[in-house]
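Reader: I've got this model open on my screen and would like a close look at one part of it. Could you take me through that part slowly, and then out into the chain around it?

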Amino acid sequence: MRLVRDRTEARWLPSRFNLALFRAYALVRFHLAPRTLSREPRVYSLERNQSAVEANAVCAWYVATTAVYLFVSLRGLTHPVLLAVLALPTAAIVIHLLAIFSSIIGWLVVPRRMLEHGTGSEVASLLLHSIHIAVSIVMLGQGAPARWIAFTALTLVAANLVAAVMMFLLRPSVERLEDSYVGGALFGE
Amino acid sequence: MTIPLWAEGLALSISCMFFMLWGAGRRGVMRNLSAIIPRSTPFANFLRTYRVFWNFAWTVADTMRFRELRVVPDWEFQGYSHFESLLKEPGGAIMLTAHMGSYDLGAHLFTETTKRSIVMVRAPEIDPETHQFERRLHVETAGDALRVDFNTKASDLAFELLDAVRSGEIVAIQGDRVTPGISSVMTTLFGVPARLPAGPFALAMAARVPIYPVFVTRRGRRRYRMITFKPIRLERRSRDRDEDVKRAVDEWAADLEQIIASSWHQWFAFEPFAREVEA
């Protein structure tokens, strides 16, 4: 368990984020954040996926792009207004089912020992990202708006790759920075 | 536990729709809400019930994540001065809590970040297999500073808990629900006569230790708040022991009412809390 006490800027420590783009953004915000102590004690956990903004943004992006892809793929089958209304909830259910499907795959392929370290979730996530990239590549050949959405999705993937390389190079200094924050006195001392 | 974590919110939101089909639980929460928020409409309470289920799903997911992966959420404190005095109690103390937020996670964090040890008293699951599963899980994950005891009968744990609290340990008990076989005291909750457990108060009186009302509420994704209220001290003010206990129970009921009124979406009471509410 890596916990930080009372330092409000600790919420921007990169390890609290998952995707490299968000980690890079967090690192910038961390350096800009004022160094203050919280009024009431706080405990910040240095774990991935602590950010609601990141998780919700990624999830919303997946649902929205899937809705557009569904709309474009099923255009002509029914009335466009009806399709536009149904596309969003259908996309949410599709993502939900794909998440369960990918988690089953992750559970099947990852050894039990590694599952206990959360690797299954990462494998499942990787599988979903791969499906998304593959569908986006296919959608590049479609008309607007799917082409533009697919182009944006692939640009984001490329930007995330660049950020990942950058964060990999900065890794030793980021680790040192985070280690200097971890710990603090126990409560009641 | 292997679902992509960014999809967790979506998965829980969709899964909770199926939980709404659980008639008894849904009706229980809706009836409680009609007492907590008197002028609310059944439709509004139906939507609020979804929010209760949704929060419940999140707290279960966070607790399981902690148990399986040792991942803790962020924590903030309210009423820290009371929490500090709980930690500095020279002897034992009683932490009285409710079925709110993630009390399991709260107890684990407490033992990880303080030097005090806790004995957590839990009501057993009705289903024997679920009870065995719970017991095994607690043995595997509790650690040295946290012990979990299951309260099967009113008299079963009394001496053990008295020993624990007298030897300086903190005993954590849930005091918002009366299960069959547990002694209770009549008080008023949201203007309705309701029964609350008498055990924690009898224990505090016997051991002469204070009761600290402590609640753990969920504030957002992986973010919890530990709220500590002013301690309740059971003092013998009269010759009538029951009257002294009643005074303390009323004080507890007032704290409970205050926290439920502000965090009704975190109160996981799936049965009506009083007969009048049930009717």
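Reader: Let's start with A:Asp6: is it buried or exposed?

Author: A:Asp6 counts as buried, because its relative accessibility is 16% and buried means under 20% relative accessible area, exposed over 50% and partly exposed in between, using a 1.4 Å probe and protein chains only. Keep in mind that this is a predicted model, where local features need pLDDT of at least 70, side-chain atom pairs count only at pLDDT 80 or more, and totals for chains, interfaces and linings use all residues. Residues are numbered from 1 along each chain as its sequence is written, chains are lettered from A and ligands numbered from 1 in the order in which they are written, and side-chain values use heavy atoms, with hydrogens and water left out.

Back to A:Asp6. You'll find it in the loop between strand S1 (3-5) and helix H1 (20-32) of chain A; helices (H or I, at least four residues) and strands (E, at least two) are DSSP runs, numbered from the N terminus. Its phi is positive, about 70°, although A:Asp6 is not a glycine. B:Arg222 sits in the loop between strand S8 (211-220) and strand S9 (223-228) of chain B, and it is buried, with a relative accessible area of 1%.

Now for the rest of chain A. It has six helices and two strands, and from the N terminus the order is β-α-β-α-α-α-α-α. Of its 189 residues, 39% count as buried. The C-alpha atoms fill a box of roughly 70 × 40 × 35 Å along the principal axes. Take contacts (heavy atoms within 4.5 Å) between residues at least 6 apart in sequence: 73% of them join residues at least 24 apart.

Two helix pairs deserve a look. Two packed helices are described by the angle between their axes and the distance between the axes. The axes are lines fitted to C-alpha atoms, for helices over the stretch in contact, and the angles run from 0 to 180 degrees between N-to-C directions.

First up, H2 (residues 52-74) and H3 (residues 80-109) of chain A: their axes come within 8 Å and cross at roughly 130°. H2(A) and H3(A) are therefore oblique to each other, given that under 35 degrees is roughly parallel, over 145 roughly antiparallel, 65 to 115 roughly perpendicular and the rest oblique. On the H2(A) side the contact includes A:Tyr62, A:Phe71 and A:Leu74, and on the H3(A) side A:Pro80, A:Leu83 and A:Ile95 are among the partners. The residues of this contact divide into 15 nonpolar, two polar and no charged; Ala, Val, Leu, Ile, Met, Phe, Trp, Tyr, Cys and Pro count as nonpolar, Asp, Glu, Lys and Arg as charged, and the others, Gly among them, as polar. Also in H3 of chain A is A:Ile100, which counts as partly exposed at 33% relative accessibility.

Then there's H5 (residues 119-139) with H6 (residues 146-181) of chain A, packed at about 135° with axes 8 Å apart. H5(A) and H6(A) are therefore oblique to each other too. A:His132 and A:Met139 are among the H5(A) residues that meet H6(A), whose side includes A:Arg147 and A:Val157.
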